[in-house]
Amino acid sequence: MKKFALPGGVLLLALAGFPDAQAQKAEPVRVTKDAKAKKIDVYVGKELFTSFLYPDSLEKPVLYPLHAANGTVVTRGFPLNPQPGDPTDHPHHLGLWFNFENVNGLDFWNNSYAIAKEKKATYGWIKTDKILTTTSGPTGVLAYHANWTNQQNEVLLEETTRFEFSGTGRAHTIDRVTTLTAAREVTFTDAKDGLLGLRLAHALQIPADQDQKFTDSKGLVTVVKAGTDHVANGTYLTSAGKRGNDAWSTRGTWCKAYGKMGADSVSVTIIDHPKNPNYPTFWHARGYGLFAANPLGEKIFTNGKSAKNLQLKKGESVTFRYRVLIDDGRTTPTTNQLNAAAAAFAQKPVAAK
C-alpha cells in the first residue's frame with residue numbers, strides 16, 4: 001500500500017482502484033466570503049466543492065450542496081434547489097449539518113421552515129455569529145462560532161467548528177472538528193436523530209417499492225414515498241461489514257454510501273474518530289437517503305438495552321471529529337482503503353486554533 005502525504009496533513013491512498021498519480025495530486029483550495037449573503041464558497045481547483053450557508057432564514061448552518069471532484073452533486077437538492085424526482089420529505093435534511101434532537105428538551109434536529117410558529121418553542125436554533133477564519137491554500141480552512149439557542153435567544157451551548165477542505169482530481173475531503181461548550185448545565189438526552197448528518201442525492205438512495213412511515217419523538221409522522229423511477233441505485237457498507245438497510249443502528253468506524261451517478265461510481269464515506277464520545281458510532285443510515293453518525297442514540301439503536309446521555313456542567317466542553325470522503329471513478333474505495341483512511345484520520349495531529 002502506497003500513501004501520498006499531501007499538504008495540510010491529508011493522506012490519500014494510491015491503490016489498484018485509483019487512477020494514476022496525477023489524479024491524486026492535491027488541487028489548490030480557494031475559500032471566498034460573501035458576508036452580505038452569509039455564504040462562503042469553497043473551490044477545489046477551479047470547481048465549486050461546497051458552500052457554507054448561515055443566513056437567518058435557516059435554523060442551522062449547513063454545507064450545501066456537496067460536489068464530487070467530477071462535479072456531480074451528491075446531496076439532495078430539496079428544499080433549496082429541488083431537482084427532478086427529488087423526494088420532498090424531511091425538509092430539515094439539508095446538505096451536511098451537525099445538531100441533535102434533544103438538548104435540555106429542545107429539538108435542534110427537526111427544526112425547519114415547515115414547523116408551525118405556535119410549535120417553534122419546543123425547537124432550537126444554531127445561530128452563527130462569527131466567522132473566525134477563512135484560509136485558502138493546499139488545504140482550505142473555515143472556522144466559525146455559533147450559539148445553540150432557544151426561541152428567546154437564550155444560549156445553551158457555544159459552538160466552535162473548524163472545517164478543513166482538500167481535494168484532488170479524484171476525491172474531495174472534509175475534516176470537521178466541533179467543540180461544544182455549555183453556557184449552562186445541559187443534557188443531551190439519548191435520541192435517535194443526531195449528530196452529524198447529510199441527505200444523499202436521489203441516485204444514492206436504496207431502491208424502495210413501498211412507502212415508509214417514520215415517527216419522531218413528538219409523535220409527528222413523516223411518510224417517505226417509494227420511488228417511481230429507476231434512478232435510485234445506492235446502498236451502504238460499514239467497516240463491520242453491514243450492508244444496505246442492515247447498516248442502520250449498527251456500530252462501525254466508517255460507513256460508505258455508494259452507487260452509480262452518470263458514468264461514474266460515486267461514494268460518500270463518513271469516518272468516525274477514536275476520541276469521539278461512545279466510539280465507534282452508531283449509524284443512523286436510512287435507505288431513503290438520510291446518512292448520519294449518531295453516538296448519542298444508543299437507547300433506540302439497542303432496543304432499550306442501554307442508553308448514552310451526555311451531560312455537561314456550565315463551562316464544560318465536548319469535542320467531535322469527523323471526516324467525510326467523496327470519491328468518484330470506475331470503482332469506489334475498498335474496505336482496505338477505507339480502513340487505511342480511518343487509521344490516517346485517527347493519527348492526524350490536532351490543528352492549532
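**View 1. E164 and R162, a charged pair.** E164 counts as buried because its relative accessibility is 10% (buried is under 20% relative accessible area, exposed over 50%, and partly exposed in between, using a 1.4 Å probe and protein chains only). R162 sits at 25%, so this one counts as partly exposed. Their side chains meet in a salt bridge at 3.0 Å, N to O (that is, a side-chain nitrogen of Lys or Arg within 4 Å of a carboxyl oxygen of Asp or Glu).

A note for every view: this is a predicted model, where local features need pLDDT of at least 70 and side-chain atom pairs count only at pLDDT 80 or more, while totals for chains, interfaces and linings use all residues. Residues are numbered from 1 along each chain as its sequence is written, and side-chain values use heavy atoms, with hydrogens and water left out.

**View 2. D175 and K348, partners from distant parts of the chain.** The closest N and O atoms of this salt bridge are 2.5 Å apart. D175 lies in strand β11 (residues 171-182) and K348 in the segment after α2 (335-347), 173 residues apart. Helices (H or I, at least four residues) and strands (E, at least two) are DSSP runs, numbered from the N terminus.

View 3. Salt bridges link R162, E164, D175, R323 and K348.

**View 4. E59 and K120, a bridge between loops.** Here the salt bridge spans 3.1 Å, N to O. E59 is in the loop between β5 (47-53) and β6 (62-66), and K120 in the loop between β7 (96-100) and β8 (125-135), 61 residues apart. Both residues, E59 and K120, are buried. The structure holds 13 salt bridges.
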